[in-house]
Amino acid sequence: MIYVSRLEHFNAAHKLHNPNWSLAKNKEVFGPCANTNWHGHNYELIVTVKGKPDPDTGFVIDLKRLSTLIRKNIIEKVDHKNLNLDVAFMEDKLASTENLVVEFWKILEPKIAEISSAKLHSLKLYETPRNYVEYFGE
Ligand SMILES: Nc1nc2c(c(=O)[nH]1)N=C([C@H](O)[C@H](O)COP(=O)(O)OP(=O)(O)OP(=O)(O)O)CN2
């Protein structure tokens with residue numbers, strides 16, 4: 001089994017805000033991430049698929065096709081957007097890195113299955129160079 005990865009990038013604004021809490025409690029729990037007028041991140045998304053190399057191409061998956069698929073289905077929907085206001089699949093969800101990566105998985109897994117016999121293995125999403133989340137679909 002070979003693991004193949006593609007890195008994509010997007011910028012987005014958000015705030016961490018639980019609507020069931022007061023502003024004071026949101027600020028207490030989320031600190032500056034609850035800033036009322038938003039803040040931004042340079043996100044890095046690493047998509048890893050697994051499979052066996054095709055004997056004709058030597059590819060587990062064509063990384064150009066994988067990149068196009070990620071851009072069309074994820075990046076175009078979140079890049080230069082406000083994750084709380086502009087992104088349909090994040091509606092009514094806290095805009096945490098964890099929740100983002102779970103929604104990305106729900107979108108990407110079936111789309112990858114449409115173009116390849118390789119399977120989605122993991123998503124790694126960096127919110128900052130020091131904070132990242134990994135998800136294996138479980
Ligand atoms: N489990 C999670 N914790 C936090 C998340 C998250 O999505 N999941 N998000 C945030 C904030 O959005 C915040 O903006 C992160 O910023 P910060 O902690 O300041 O990140 P840095 O890496 O830039 O911090 P340094 O202190 O400079 O290392 C918070 N928590």
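This passage describes the fold of one protein chain, from its overall make-up to selected residues. The model is predicted, and local features are reported only at pLDDT of at least 70, side-chain atom pairs only at pLDDT 80 or more, whereas totals for chains, interfaces and linings use all residues. Residues are numbered from 1 along each chain as its sequence is written.

The protein chain contains three helices and five strands, where helices (H or I, at least four residues) and strands (E, at least two) are DSSP runs numbered from the N terminus. Along the sequence these elements follow the pattern β-α-β-α-β-α-β-β. The C-alpha atoms fill a box of roughly 60 × 25 × 25 Å, taken along the principal axes. Of the 138 residues in the chain, 22% are buried; a residue is buried if 20 or more other C-beta atoms lie within 10 Å of its own, exposed if 12 or fewer, and partly exposed in between, with C-beta atoms placed from the backbone. Two residues are in contact if their C-beta atoms, placed from the backbone, lie within 7 Å. Among contacts between residues at least 6 apart in sequence, 70% join residues at least 24 apart.

The five strands form an open sheet with mixed pairing, in the order β3-β1-β2-β4-β5; two strands pair if DSSP finds at least two bridges between them. Strands β3 and β5 (132-135) stand at the edges with a single partner strand each, so one side of each has no neighbour in the sheet. Strand β1 (residues 2-14) runs antiparallel to β2, and 13 bridges join the two. Within this pairing, Ile-2 has Gly-51 of β2 as its bridge partner. Helix α2 packs on the sheet, where α2 touches β1, β2 and β3, and its direction makes about 20 degrees with that of β1. Axes are lines fitted to C-alpha atoms, for helices over the stretch in contact, and angles run from 0 to 180 degrees between N-to-C directions. Helix α3 lies across β2, β4 and β5, running at about 150 degrees to β4.

Helix α3 (residues 97-115) has 19 residues and reaches 27 Å from its first C-alpha to its last, close to the 27 Å expected at 1.5 Å a residue; the expected span is 1.5 Å times one less than the number of residues. A kink of about 25 degrees lies at Leu-108, shortly before the proline Pro-110, the bend being the angle between axes fitted to the seven residues ending at a position and the seven starting there. Leu-100, Phe-104, Leu-108 and Ile-112 of α3 are buried. An α-helix has 3.6 residues a turn, so residues three or four places apart point the same way. The cover over the buried residues of α3 includes β2 (39-51), α2 (63-78) and β4 (119-126).

In the segment after β5 lies Gly-137, which is partly exposed, with 13 other C-beta atoms within 10 Å. Gly-137 and Lys-106 are 31 residues apart in sequence and 8.6 Å apart in space, C-alpha to C-alpha. Leaving aside residues up to four places away in sequence, Gly-137 touches Trp-105, Glu-109 and Leu-120.

Most residues other than glycine have a negative phi. Trp-38, in the loop between α1 (23-30) and β2, has a positive phi near 75 degrees. Trp-38 counts as partly exposed because 15 C-beta neighbours lie inside 10 Å. Asp-92, in the loop between β3 (81-82) and α3, has a positive phi near 65 degrees. With 5 C-beta neighbours inside 10 Å, Asp-92 counts as exposed.
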